[in-house]
Amino acid sequence: MTSQTDPSITIDLPLTREDPDVVKTEITRGLLGNPKTLPSKLFYDERGSTLFERICELPEYYQTRTEHHLLTKWADEIVGISGAEELVELGSGAATKTRVLLDAMASVDQLRYFVPFDVDETIVRRVSEELVLEYPGLHIHGVVGDFLFHLEHIPEGGKRLVVILGGTIGNLPALAAQGFLSSVNSEMASGDYFLLGVQLITEPRRLEAAYNDSQGITAKFNKNIIRVLNSQFGSHSDAESFDHVARYNEADHRIEMWLRSREDQTLDIQDLGLHIHLKQGEEIRTEISTKYDRSLAEELLAASGFAMVKWYSDPDNLIGLALAKKP
Ligand SMILES: C[S@@+](CC[C@H](N)C(=O)[O-])C[C@H]1O[C@@H](n2cnc3c(N)ncnc32)[C@H](O)[C@@H]1O
């Protein structure tokens with residue numbers, strides 16, 4: 001099903017056509033595993049996306065403003081090298097930083113298509129409506145899908161630049177990240193460019209502070225996954241019966257977010273027929289955010305079929321932007 005609002009906007013909705021058993025199986029497998037986990041895409045309903053936008057503005061969350069500065073500095077060069085007329089963003093969210101790239105494309109009259117691709121339908125629609133007003137003549141083909149399953153919904157276009165920003169790649173374990181980027185690579189034409197934003201390994205204190213903000217917004221975001229289980233999968237748990245926990249796992253160079261049960265309780269997820277007993281203090285892992293360095297990023301790109309062309313990073317080495325090409 002494709003839905004059309006403005007003639008310049010097409011929204012493709014593969015997620016709503018997805019066999020609902022797919023996500024149910026992911027949840028079930030995660031909650032029956034050891035450790036117990038939940039897929040982090042479940043954070044992102046309308047409330048979750050809005051909370052993530054607030055996280056991006058937090059003083060402790062240095063990642064967004066650093067990536068924004070880097071893009072501002074290098075967008076003209078990136079757009080010049082890529083020669084792209086179509087920008088595809090996987091996990092596009094509010095596409096705030098994306099505007100820097102869209103501006104650079106527009107300034108050399110290269111901007112034709114934008115493809116925002118995200119699991120949250122509300123944000124894909126909002127961004128599409130905002131951007132057609134901001135960039136007259138721009139065509140938008142939004143995809144409401146899971147980028148691990150629905151990449152074939154990216155429309156055929158002209159010369160493309162595919163981007164993944166915001167540390168989204170770090171939410172996947174190493175092997176899954178490589179599998180995902182290999183699939184991205186197969187959807188691209190030879191000569192297309194790929195821009196990957198990675199969060200770099202830095203002091204654990206700085207990393208942990210970024211996920212334990214003093215206003216408690218990250219805690220609300222983390223607990224939103226319980227609200228999503230309630231609203232979409234028929235459970236009735238109290239999000240406040242969990243504490244937010246975020247800590248750095250040095251061996252795997254990643255931040256892990258967990259929900260720690262404040263009491264003995266049972267997660268009854270009606271639609272899945274699941275009854276998960278949790279002891280007081282027991283934890284469910286809701287997200288990993290893997291940190292990279294330049295060589296890890298280059299290896300990941302090479303293993304996924306890309307050749308790195310340029311590496312950009314800030315003076316404090318907090319964020320890396322790898323521009324790569326499909327040979
Ligand atoms: C860390 S946020 C980054 C948002 C934005 N790109 C930025 O840089 O601020 C991750 C984004 O990816 C989306 N997302 C997470 N898992 C996804 C999946 N499996 N398929 C598609 N989108 C996903 C979320 O809805 C969210 O908008």
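Guide: Searching the whole structure turns up one cavity of 30 Å³ or more. On a 1 Å grid over the protein atoms alone, a cavity is a set of points where a 1.4 Å probe fits but cannot get out, and lining residues have an atom within 4 Å of a point. Points are joined across faces, edges and corners, and a volume is the space filled by probe spheres set on them. Please keep in mind that this is a predicted model: local features need pLDDT of at least 70, side-chain atom pairs count only at pLDDT 80 or more, and totals for chains, interfaces and linings use all residues. Residues are numbered from 1 along each chain as its sequence is written, and side-chain values use heavy atoms, with hydrogens and water left out.

The largest cavity holds about 40 Å³ of space. Helix 4 contributes the most, with three residues. By type, the lining has four nonpolar, five polar and two charged residues. Here Ala, Val, Leu, Ile, Met, Phe, Trp, Tyr, Cys and Pro count as nonpolar, Asp, Glu, Lys and Arg as charged, and the others, Gly among them, as polar.

Y44 is partly exposed because its relative accessibility is 23%, whereas F221 is buried at 2%. Buried means under 20% relative accessible area, exposed over 50%, and partly exposed in between (1.4 Å probe, protein chains only).

Another pair, F194 with F306, has ring centres 4.8 Å apart and planes at 25°, so it is stacked. It too connects distant stretches, 112 residues apart: F194 lies in strand 8 (residues 193-199), and F306 in the loop between helix 10 (294-303) and strand 14 (307-313). Both F194 and F306 are buried.

Rings also meet charges here. The charged end of R206 sits over the ring of Y62, 5.7 Å from its centre, and that of R285 over the ring of W258, at 6.0 Å. The test is that NZ of Lys or CZ of Arg is within 6 Å of the ring centre and within 35 degrees of the ring normal.

Now back to helix 4, the leading contributor to the cavity lining. It is among the elements that the buried residues of helix 5 pack against, along with strand 4 (86-90), strand 5 (113-118), helix 6, strand 7 and strand 8. Seven of the 10 residues of helix 5 (residues 98-107) are buried, so the rest of the structure largely encloses this helix. Those seven are T98, R99, V100, L101, L102, A104 and M105. Just past the end of helix 5, D109 has a positive phi of about 55°.

Strand 7 (160-164) takes us to T168, in the loop between that strand and helix 7 (174-187). T168 is buried, because its relative accessibility is 17%. Apart from neighbours within four places in sequence, T168 is in contact (heavy atoms within 4.5 Å) with G91 and F147.

Terms used:
Phe/Tyr/Trp six-rings, centres within 6.5 Å; stacked < 30°, edge-to-face > 60°. Helix = DSSP H or I, 4+ residues; strand = E, 2+ residues; numbered from the N terminus. 1 Å grid on protein atoms, 1.4 Å probe; cavity = no way out; pocket = protein on both sides within 12 Å on 5 of 7 lines; lining within 4 Å.
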